[in-house]
Amino acid sequence: MKSKLPDIGTTIFTTMSALANENKAINLSQGFPDFECDQKLKDLVNKFVQDGANQYAPMPGALPLRERIAEIVQVCYKANYDVTNEITVTAGATQAIYTAIATIIEPGDEVIIFEPAYDCYKPAIQVHGGVVISVQLKSPDFRIDWQEVESKITKRTKCIILNSPHNPTATIVSKNDLLQLEKLILQNNLFLISDEVYEHMVFDGQLHHSVAQLPSLRDRSYIVSSFGKTTHTTGWKIGYVLASSELTKEFRKIHQFLVFCVNNPMQLAIADYLSDRKNYLQLNNFYESKRNFFVNNIQSSRFKILPSKGTYFQLLDYSGITDERDTDYAIRLVKEKKLAAIPLSVFYSTEVKQNILRFCFAKKEDTLLKAAETLCSI
């Protein structure tokens, strides 16, 4: 059989986590917490299971959760989305992004992505016959060069994928970035997929600028987020998509045949849990504290600490230690120092020499302290 994705193998996240397990290493590679979610949230799941919410949820998502999503978006961005026709609950953000790409992209369509890019974008585009057009974000600030973006738009360009807060660089877009993006989208009649799964993790008093705040892009945009990040439950795989009624109608045509619906008692539990707004409005403080703890404990190391403005990732530049390729150094770090990280170069489609590793700080303080001690010993 001819492969639709001949160049795609096992993801780096699976590879590094397997290496971490094999070497009994501290795992700061894959982006998931090593601490439990709130017991109250687990109790709510049990409550809804015992109450009998164990059959199919509605295809667009359990109504209480769609209502809660509408409330969150209104509270955070003063934007109004209709719970019936403009909000869809998905089996995680990856499924949401895949479905949005499947809805938009036809063979030969070009899609602009910003690299380093999360690894689900490119294969989803390619499997639907699309062509990936990359714009490289350059260290150390990883800012978007909007003139370069404009120069790469052709008559075949169909869509731009934006990710902010950005995985893996931990940067965020500014209001001016969104205005420049808005101009390009409208001038060229493009679609936009905005991956905002880390929306509640922005630090140092800065704000997350959501595409939901730009009414002019409403009819051109799919906005994606994830409760896995917000409630420390990445294994539950529950996300959502905001879009105009017209875009939502087309999205749901594909969504219903991919998953139809999502885990019902967990949807209801999340809806109830997030009725307490501090459970999402104070998440930035929670993760900023973890970032600060990790960074403060590696100040004496030989690694250069790059700014982490959002997400739960921290980039460290090791160019003062070795000139090894980041993939080689990451493997050596696991085997020799029992510490797992992700090499930044794997997020690019072409070879890029940057001596940078990504570390996840969504971990217990004890885990972070042990990792910091290891880094300081190098």
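The model is predicted, so local features need pLDDT of at least 70 and side-chain atom pairs count only at pLDDT 80 or more, while totals for chains, interfaces and linings use all residues. Residues are numbered from 1 along each chain as its sequence is written, and side-chain values use heavy atoms, with hydrogens and water left out.

**Exercise 1. Check the radius of gyration of the protein chain against the globule rule.**

Step 1. The radius is taken over C-alpha atoms, and the rule is 2.2 Å times the number of residues to the power 0.38.
Step 2. For 378 residues a compact globule would have a radius near 21 Å, and the protein chain has 20 Å, which agrees.

**Exercise 2. Work out the strand order of the seven-stranded open sheet and find its edge strands.**

Step 1. Helices (H or I, at least four residues) and strands (E, at least two) are DSSP runs, numbered from the N terminus; the protein chain has 14 helices and 13 strands.
Step 2. Two strands pair if DSSP finds at least two bridges between them.
Step 3. The order is β2-β8-β7-β6-β5-β3-β4, with mixed pairing.
Step 4. β2 (87–90) and β4 (131–136) each pair on one side only, which makes them the edge strands.
Step 5. From one strand to the next, the twist averages 20 degrees (axes are lines fitted to C-alpha atoms, for helices over the stretch in contact, and angles run from 0 to 180 degrees between N-to-C directions).

**Exercise 3. Describe the surroundings of strand β8 (residues 239–242).**

Step 1. On one side, β7 (residues 221–226) pairs with β8 in the antiparallel sense over four bridges. Val224 stands opposite Val241, and Ser225 has Tyr240 as its bridge partner.
Step 2. β2 and β8 also pair in the antiparallel sense over four bridges, with Thr90 opposite Gly239.
Step 3. In a regular strand the side chains alternate between the two faces of the sheet. Here Gly239 and Val241 point one way and Tyr240 and Leu242 the other, and all are buried.
Step 4. Helix α9 (residues 245–258) touches β2, β6, β7 and β8, and makes about 25 degrees with β2.

**Exercise 4. Classify two aromatic pairs and say what each ties together.**

Step 1. Rings of Phe, Tyr and Trp (its six-membered ring) pair if their centres lie within 6.5 Å; planes under 30 degrees apart count as stacked, over 60 as edge-to-face and the rest as tilted. The whole structure holds 14 such pairs.
Step 2. Phe203 and Phe361 are 6.3 Å apart centre to centre, with 50 degrees between the planes, a tilted pair. Phe203 lies in the loop between β6 and β7 and Phe361 in the loop between β13 (356–360) and α14 (365–376), so the pair ties together parts 158 residues apart in sequence. Both are buried.
Step 3. Phe227 and Tyr240 have centres 5.2 Å apart and planes at 40 degrees, so this pair is tilted. Phe227 lies in helix α8 (residues 227–230) and Tyr240 in strand β8, so the parts joined are 13 residues apart in sequence. Phe227 and Tyr240 are buried.

Conventions
Contact means heavy atoms within 4.5 Å. Buried means under 20% relative accessible area, exposed over 50%, partly exposed in between (1.4 Å probe, protein chains only).
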